[in-house]
Every structure is written in C-alpha cells, then in structure tokens.
Amino acid sequence: MLEGGCHFQEGNLRAKKRVALVRQVLEEAGFDGQRLEMFNLSSAEGQTFASIVTTMTERVKALGPNPLRKEV
C-alpha cells in the first residue's frame, strides 16, 4: 500500500510521523531506533508480511537484548 493510500484517509502518514517520533524517543532512552520500523502493506501482501517479520526478527536478534535490562 502506498503512503497516503490508507482507507482512513491520511492515517498511515500520521502513523509514519509518530513512528519517527517514537524512534527518536527510543534512541534518547538508550535503545537502537532500528528496533522499530513501519511498513505500508495491504492485506493481500501475506508473503511480504512474512518476509518483513523474518527481517525484523533477525534485526532485533542481531541488536541483542534490551540494553537497559540488568544481567541477573
């Protein structure tokens, strides 16, 4: 789905701005902003969704555990 193509009119454009803000907050809190990303998809893109889930899972695993969690 293209940006602005949301059936809630401009919902995905507002969401994109919010995601950018949350990424900035994550960075300021000591997290890598790459832990959060927004993707525009339609419900017909199941294969793309599965690929994105795999990519994000690999990315988060590579980034490692929560940097703020204390080792026990």
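Which backbone nitrogen lies 2.8 Å from a polar atom of the side chain of Asp-32? It is the backbone nitrogen of Gln-34, in a polar contact (a pair of N or O atoms within 3.5 Å; within protein, one must be able to donate a hydrogen and the other to accept it, and residues adjacent in sequence count only if both atoms are side-chain atoms). The model is predicted, so local features need a pLDDT of at least 70 and side-chain atom pairs count only at pLDDT 80 or more, whereas totals for chains, interfaces and linings use all residues. Residues are numbered from 1 along each chain as its sequence is written, and side-chain values use heavy atoms, with hydrogens and water left out.

Asp-32 is located in the loop between helix 1 (11-28) and helix 2, where helices (H or I, at least four residues) are DSSP runs numbered from the N terminus. With a relative accessible area of 27%, Asp-32 is partly exposed, a class that falls between buried (under 20% relative accessible area) and exposed (over 50%), computed with a 1.4 Å probe on protein chains only. When neighbours within four places in sequence are set aside, Asp-32 is in contact with Glu-27 and Leu-63, contact being defined as heavy atoms within 4.5 Å. The C-alpha atoms of Asp-32 and Val-60 are 9.4 Å apart, with a sequence separation of 28 residues.

The structure holds one salt bridge, defined as a side-chain nitrogen of Lys or Arg within 4 Å of a carboxyl oxygen of Asp or Glu. Its partners are Glu-37 and Arg-59, whose closest N and O atoms are 2.6 Å apart. Because Glu-37 lies in the loop between helix 1 and helix 2 and Arg-59 in helix 2, the pair ties together parts that are 22 residues apart in sequence. Both partners are partly exposed: Glu-37 has a relative accessible area of 31%, and Arg-59 has a relative accessibility of 22%. Apart from neighbours within four places in sequence, Glu-37 is in contact with Met-56 as well as Arg-59. Glu-37 and Val-19 are separated by 18 residues in sequence and by 7.1 Å in space, C-alpha to C-alpha.

Just after helix 2, Gly-64 adopts a positive phi of about 90°.

How values were computed: Helices (H or I, at least four residues) and strands (E, at least two) are DSSP runs, numbered from the N terminus.
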